[in-house]
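Notebook open. I wanted to go through this one piece by piece and jot down what I looked up.

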Amino acid sequence: MICHPEPSPLNTETSLKRAVLLGMPNTGKSTFFNRITGASAFVGNWPGITVSFMQAEVTINGECAEFVDLPGIYDLNGFSDDEKVVRQFLEQFPVSLAVIILNASQLDRQIRLPLQLKALGIPSVVVLNMVDEAERFGIKIDPEKLTQRLEMPVALVSAKYGRGYFRTYQLISQALGSAVTPAVGLQTIGLQTVSPPEISAQTLEDMLAGAVSMPSQAAITVTQRLDAVLLHPLWGLPLFFLGMFGVFWLIWQVGLPSQDLMDQLTGWLQTTIIEPAVSPFPLLFQSFILNGLWGGLATIASFVPLLVLFFMAMAVLEDSGYLSRSAYLMDAFMARLGLDGRSFVMQMMGFGCNVPALMGTRVMRSQALRWLTMLVIPFSLCSARLQVFVFILAAVFPASQGAIALFSLYVLSFVAAICTAFLFQGIFKNDEPFVLELPPYRLPTLRQVLLRGWGEVRIFLTRASSFIALGCISIWLITSLPIGATGLDTIGGRIGEFLQPIMHPIGIDPYLTLALIFGIVAKEVVLGSLAVIYALNPTAISQHLSENLTWVQAYSFCIFCLLYTPCLTTFVTTLNESKSWKFASFTLVFSFGFAWACSFVFYQGTSFFQF
Amino acid sequence: MTLLTLSDLSVGAVAIVSSIAQGAHGKGLATRLEAMGIMPNKPIQVLRKAWLGGPIHIRVGTTTELVMRRQEAKNILVHHSQTPLNP
């Protein structure tokens with residue numbers, strides 16, 4: 001299937017045939033892309049285009065072809081950045097074939113897109129996805145008639161369940177076989193810009209008459225019955241928060257025990273393989289390998305099961321269609337903060353990782369709304385911070401209270417975002433329209449959920465291997481040098497002591513200060529660094545923390561860790577997305593000050609009442 | 001035939017789309033709404049309205065459901081249908 005398993009350097013004047021996937025949002029375009037490209041997809045960047053696309057090289061019909069998954073668009077004439085990017089791509093880069101993915105049950109409006117491509121003269125194949133759903137709506141489609149009218153091959157498929165996939169694959173393969181390899185983009189063949197003609201409602205109707213029959217009445221569907229409860233004006237929100245709590249409970253009850261298993265595995269590897277292997281070397285080198293490299297890596301490894309679980313839960317929320325409904329539920333509230341329901345969805349995404357959430361703010365057109373959303377997203381308790389909190393809270397709280405403490409941090413994460421949005425909504429004033437599509441509820445498949453869990457972990461580990469290893473090695477260096485020094489005599493200890501006038505009032509000792517400094521590189525490093533700072537394995541650190549930290553100190557540390565300067569990658573993404581040094585620096589300074597103030601109030605307040 | 005805006009419709013009411021006014025957001029939003037299925041002569045129904053002035057949940061045609069703020073709904077002009085969609 002795959003001709004080049006490794007990402008090859010991009011060649012825009014490629015000799016390969018290039019197929020692009022086009023379609024509206026919520027049509028299962030990415031699911032179809034995954035099916036056709038398998039696991040070979042990688043993130044590609046194109047000269048002059050600000051967004052990166054998933055792409056893959058696939059052998060189809062004995063010939064190597066490139067598939068590019070373009071962002072979802074509503075209209076080729078549309079105003080959003082994604083729509084502009086797609087136009088720009090078609091203008092600049094040669095395309096042999098467009099594979100247009102449409103939602104079969106919404107053909108009455110989506111047929112516009114193939115008509116626009118036809119007007120541009122780009123050879124296309126139309127893939128009507130989600131035929132299973134269309135059947136449930138009672139929609140009847142005659143693909144032969146559509147093929148004749150559109151003068152493009154039309155295939156029916158369910159990308160999710162694979163039905164009709166073979167036939168679709170054949171059609172794409174045939175179309176690609178007869179397509180020529182264009183040498184240039186549309187721009188160079190006379191079409192200066194991609195501006196397809198406006199297509200009237202009448203044209204759409206004529207195109208479909210006799211070929212597609214839509215039901216005349218909306219059936220009472222499962223979706224309607226579920227929405228009656230889940231979007232209920234009174235019960236909707238409590239059910240939403242209950243669902244969120246359920247996800248956290250799952251992580252606590254299933255994720256944590258799975259971590260212990262991983263710890264046992266890495267511990268066993270250390271004693272049976274690594275320790276004997278490094279024993280002939282000098283002590284300093286042994287320490288470097290065991291405490292610097294392995295200590296950090298083992299800690300990261302122990303969180304892989306937790307991450308898989310977390311992103312599987314996110315996949316279920318997203319694929320089921322509930323995530324967009326949460327935008328509806330929250331909008332009345334978000335609008336008062338100068339944000340909109342989509343900001344809330346992005347904030348939710350931020351709970352996985354702030355970085356994709358920041359990139360997702362591109363759907364918002366108004367710069368003010370985007371900036372305000374980007375200012376609050378870093379307060380979302382991302383999975384990297386979750387690792388830190390789970391570990392520290394488990395060390396200082398008994399099991400049942402730990403879950404409550406963790407939940408309270410999630411609440412704080414929301415409260416911080418709300419206060420910030422409220423404070424700054426006057427500065428970043430938003431007048432963006434709010435219109436979202438609510439897809440029907442869909443049962444996520446195991447395949448989709450597992451692919452998501454695995455995909456996110458793969459991305460995390462790619463980041464982890466560079467960021468975290470580097471972080472762990474540098475922290476080993478400053479905590480082991482000068483040679484022979486231990487604890488606060490090391491360089492790191494001195495930095496921690498130097499910062500004491502600031503950190504002492506919030507209950508954070510020099511060791512933890514040091515861990516926080518390295519948390520700026522990436523929050524994941526905080527834990528890896530604790531392993532190195534104390535030169536202990538994860539279980540022993542847990543014991544050490546429970547003996548040396550009061551719960552007030554531990555919680556104050558968590559508050560600070562939740563709110564202070566986002567990780568390096570988050571910062572770089574904010575800078576890239578806002579294209580403003582001023583704004584990006586402001587987010588840094590603001591979050592640091594805010595974190596300190598919150599920890600100070602909590603630590604001093606609690607200490608005052610307790611003692 | 002009296003013209004109303006979508007935001008005037010009460011929950012459960014069915015109407016027919018007349019046209020989309022350009023409003024404060026100009027042609028961009030009108031084009032987007034059209035691509036989302038809000039086209040003249042399509043039946044449109046308000047399924048529910050969120051409390052506290054929140055967004056409204058609508059169905060246009062038979063298979064597309066959208067949510068939008070009441071502000072945006074004011075741009076969509078509708079008239080009452082002769083034959084109701086859900087009698």
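Is the crossing of α16(A) and α18(A) left-handed or right-handed? I looked, and the crossing of α16(A) and α18(A) is right-handed (left-handed if the near helix is turned anticlockwise from the far one by less than a right angle, right-handed if clockwise).

Ground rules before going on. This is a predicted model, where local features need pLDDT of at least 70, side-chain atom pairs count only at pLDDT 80 or more, and totals for chains, interfaces and linings use all residues. Residues are numbered from 1 along each chain as its sequence is written, while chains are lettered from A and ligands numbered from 1 in the order in which they are written. Helices (H or I, at least four residues) and strands (E, at least two) are DSSP runs, numbered from the N terminus.

**Helix pair in chain A.** I noted α16(A) as residues 367-376 and α18(A) as residues 399-424; they pack at an angle of about 145° with axes 9 Å apart. Axes here are lines fitted to C-alpha atoms, for helices over the stretch in contact, and angles run from 0 to 180 degrees between N-to-C directions. From α16(A), Leu372(A), Leu375(A) and Val376(A) make the contact, meeting Ala417(A), Thr420(A), Ala421(A) and Phe424(A) of α18(A) (contact: C-beta atoms, placed from the backbone, within 7 Å). I sorted the residues of this contact by class and got six nonpolar, one polar and no charged. Ala, Val, Leu, Ile, Met, Phe, Trp, Tyr, Cys and Pro count as nonpolar, Asp, Glu, Lys and Arg as charged, and the others, Gly among them, as polar.

**Glycines in α20(A).** Within residues 491-498, I found Gly492(A), Gly493(A) and Gly496(A) buried (20 or more other C-beta atoms within 10 Å of a residue's own; exposed is 12 or fewer, partly exposed in between, with C-beta atoms placed from the backbone). They lie on the same side of α20(A), because they cover an arc of only 100° around the axis; the arc is that of the directions from the helix axis to the C-beta atoms.

**Where A meets B.** I have 28 residues from chain A and 33 residues from chain B in the contact. On the chain A side, α13(A) gives the largest share, four residues. By class, that side has 17 nonpolar, five polar and six charged residues.

**Strands.** I checked β10(A) against β5(B): they pair in the antiparallel sense over three bridges (pairing needs at least two DSSP bridges). Leu436(A) has Val67(B) as its bridge partner. Inside chain B, five bridges join β2(B) to β6(B), again antiparallel, with Ser19(B) partnered by Leu77(B).

How values were computed
Two residues are in contact if their C-beta atoms, placed from the backbone, lie within 7 Å.
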